[in-house]
Structure formats: C-alpha cells, structure tokens
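Here are a few exercises to work through with the coordinates open. Try each task before reading its solution.

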Amino acid sequence: MNLTEQVGNNTWYRGKIEGKGSNIWLHFSHVTAKEETTASRLGKINNADVKIYKDVTDPDSSFTAGPTYMDKTYFIKKQMKFDDQIFYLISNEPSSQKGVIGWVNGKNIETHDHKGVNSKTKTFYLKGKGAAYDRIWGGSQNLVFTSQDLAKHINKEFIVNLTEQVGNNIWYRGQIEGKGPNIWIHSSHLTKKKIN
C-alpha cells in the first residue's frame, strides 16, 4: 500500500500486489491487516481435527493436528491478529523461532498466560497423588509419573528449582529426593509437611 484516500465515508487503498505490477485501488472492506505481537502463553490442542497453519494467509499450508499434536503443552511466544481473529504460534521450545510447529486459531486451542515466579530452591513433600510431567501444565503426551506412580513416593522430598505460574495456578519444577529427571507438579499435589 502506498496511498490511502477517502471517498465519502469509505476508505480506499492504492498499492501493488506483493509489491509488483501496476498500482490498483481496493476498498477497505476487501483487505485485511496482519499484526504480530509477542506473547507468553501455553497452549493445548484438545481436538484431532484442529488445523495448524504454516502460513495463516495460505489455507493450503495447513495440516490436521491428529493424535500427534494433541494432549501436549506448547509454548506460545508470538500471536497474530489476522482478519479479526487471533492466531497463536505454537512451539516445542520457549521460542518463536526454534521448535516451531505452526499457527493455530485461538478458537481451537486452550491457552493460559504463563510467567516465571522465581528460581529459588524449596523443599516440599509429595502427597502421593496427581501427576508429574516433563513440561509445565502437561498433557497426556508429557506424562512422566501417573497418580499410581506418585502414590509410591508419598512423603518423599520434592526439591524445587523453578516456580512458574500458568493462569492462576502455581507449578513447581524439581526432582524427587533431588535425583532423576526434572519434573513438573501442580502445587496442590505438594505439601510443606509430611503427611501423618
């Protein structure tokens, strides 16, 4: 677009398609804007039929989520407003460039705000219920320990090394008795004192 003019109550834009060819005029109702902004959210796809787009402006670039991309937590570091709809860029890493999968319409993905709280070391005890994940607010594909697994670890120390918030919920990352892999557990499944 290289010129904007108004005729009565109507706005008209002059420009070139992809910057090439002759100048043409288009009524404002026949074009749409694409606006990208940064974000800090997490998302989960809960339906196999959801479309994921490599390019939001190209419907042919889409593919179906299927079971591969369902029930898994994704990082969202970029969002886009396009044609009066919000799209989120989902990634397997906390980056808008690495681990990127594609864009998902905001109506088709469950999302929550995500922010770091602190990286202070804390010690809690496992209540022996809930689940543990390899990613915060994990889905079934992120599952490391089921409720049955954690029941075997009741009253064991959980050494926290990172605290983060998802929506209104606090999650802790740490290790059981300071050993093994880092796992994420919801705050409601931990206690400060051993259970009698």
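A polar contact here is a pair of N or O atoms within 3.5 Å, where, within protein, one must be able to donate a hydrogen and the other to accept it. Keep in mind that you're working with a predicted model.

**Exercise 1.** Find the side chain with which the side chain of Thr111 makes a polar contact, and decide whether Thr111 is buried or exposed.

*Solution.* Start with location: Thr111 sits in strand 10, residues 110–118. Next, list what Thr111 touches, skipping residues up to four places away in sequence: Arg41, Leu42, Gly43, Ile76 and Tyr88. Of these, Arg41 is the polar partner, side chain to side chain at 2.9 Å. Finally, Thr111 counts as buried because its relative accessibility is 16%, and the cut-off for buried is under 20%.

**Exercise 2.** Work out how the rings of Tyr53 and Phe87 are arranged.

*Solution.* The model has four aromatic pairs. For Tyr53 and Phe87, the centres are 6.2 Å apart and the planes make 85°, so with over 60 degrees counting as edge-to-face, that's the label. This pair links distant parts of the chain, with Tyr53 in strand 5 and Phe87 in strand 8, 34 residues apart. Both residues are buried.

**Exercise 3.** Describe how strand 15 and strand 16 are joined.

*Solution.* Check direction: strand 15 (residues 169–176) and strand 16 (residues 179–186) run antiparallel, joined by five bridges.

Key: Residues numbered from 1 in each chain as written. Predicted model: local features only at pLDDT ≥ 70, side-chain atom pairs only at ≥ 80, totals over all residues. Heavy atoms only, no water. Helix = DSSP H or I, 4+ residues; strand = E, 2+ residues; numbered from the N terminus. Buried < 20%, exposed > 50% of the residue type's maximum accessible area, 1.4 Å probe, protein only. Contact = heavy atoms within 4.5 Å. Pairing = 2+ DSSP bridges. Phe/Tyr/Trp six-rings, centres within 6.5 Å; stacked < 30°, edge-to-face > 60°.
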